[in-house]
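Could you walk me through how to read the main features of a protein model? I would like to start from the overall picture and work towards single residues.

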Amino acid sequence: MPERADRTPDRAGRRTWAGGAALCAPLGLLLTVLTAGPAAAEGAEPAAFGTAATRCEIADPRLPELSGLVSAGDAMLALNDGGDRAEVYVLDGSCAVGDVRSADVDPYDPEDMALGVDGTIWLADTGDNTQTRETVALIGLRADGSSTLTRLTYPDGAHDAEALLLAPDGTPYLVTKEVLGASSVYRPDAPLADGATVPMSRVLELGFTLTGTPGGPVGRAGELMVTGGAVSADGQRIALRTYTDAYVWPLSGSDVAGALALPPVRVPLPESPQGEAIAFAANDRDLLVSGEGLPAVVTLLPAAGELAPAASTGPADEESAAATLTHEVTPLTAGLIAALVATGLVWIGGKLRRRRSAG
């Protein structure tokens, strides 16, 4: 019997994207009338990346919901969003599946992955569209075929997170997906251990604002929602993406929180119906992006310049870890947002009840 990566008895919340999209869509309409202020996730200079080009297309029917992507030399590793077994697909240069790495673990909602320096593939089983999970999990697929599962808890309640950043020293960071762009970054308080439940702390808050880049399934709200992350294999760069844009930071050492507190460069991405995956190419500079649906186009964005060096080289201090961006929202806007959220939650609740009744 596969080990389950969650502790939530009712798993009806798994893969309830339709309800989440219904909630985000009206928010997206509201956000079109808001003025985008300065963003912690937008630098003063444009990103130094060249013209996007198609690297290859994923057509394998086993990957209809591509959510995570990692470069592994000339190959790529791909993660499907969903399923009842932890599985990673090894893709060749033409995006054809050549091998499958798996573990006897039943994930709740895998969203992203990263490759450790020791060859361990880390799967972020952190999706929680209904924000009801008591724990999330990191699943490790070791090079020798064994696996580990560490459960993680948030200090402030459940969150939906779709981005995993693995620091060069092996420390994982989770970045939440927020419909209003106020993403939080969490880090475990202790080393990962198989079978353990490790608490996390919030180490940073990021604020994403509207960019005007088209794409995604939820209108303008997609410009604010973090759907994937990556750290380059040489440990020099960090990337986060939304449905529409990528953000790239220089990294020095393993101070991920300190790097994210600095201004990044923004990279508008080619329009995609549901872009969720981002990775650095084998040269550790170019970006690879893709998303759900078949065929899934893997797009290469070539780096055309250097990023400024990171200012911090040690662990993030308390001041930098608490860096935030405050969005100014009027009482009227706050009331409209609250009403839309309440309406969306009522809709989702009714939909779930109807599904249970039908089952």
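Q: Happy to start simply: how many helices and strands does the protein chain have?
A: This is a predicted model, and its protein chain has four helices and 22 strands. Buried residues account for 52% of the 359 residues.

Q: What share of the contacts joins residues at least 24 apart?
A: Start from contacts between residues at least 6 apart in sequence; in this chain, 60% of them join residues at least 24 apart.

Q: Which residues have the most contacts inside the largest nonpolar core?
A: A core is read as a set of buried nonpolar residues joined through side-chain atoms within 4.5 Å. Here the largest has 21 residues, and those with the most contacts inside it are Leu165, Val185, Ile238, Leu240, Val256 and Leu260. Elements that each supply at least two of its residues include strand E12 (161-166), strand E17 (237-242) and helix H2 (256-260). H2 gives the most, with four residues.

Q: What is Ile238 in contact with, leaving aside its neighbours within four places in sequence?
A: Its partners include Leu165, Trp249, Val256, Leu260 and Phe280. There is also a second, separate core of 16 residues, with Cys56, Leu69, Ala277 and Leu288 among them.

Q: How many bridges join E18 and E19?
A: They pair in the antiparallel sense over four bridges; for Ala246, the bridge partner in E19 is Val267.

Terms used:
Residues are numbered from 1 along each chain as its sequence is written. This is a predicted model: local features need pLDDT of at least 70, side-chain atom pairs count only at pLDDT 80 or more; totals for chains, interfaces and linings use all residues. Side-chain values use heavy atoms; hydrogens and water are left out. Buried means under 20% relative accessible area, exposed over 50%, partly exposed in between (1.4 Å probe, protein chains only). Contact means heavy atoms within 4.5 Å. Two strands pair if DSSP finds at least two bridges between them.
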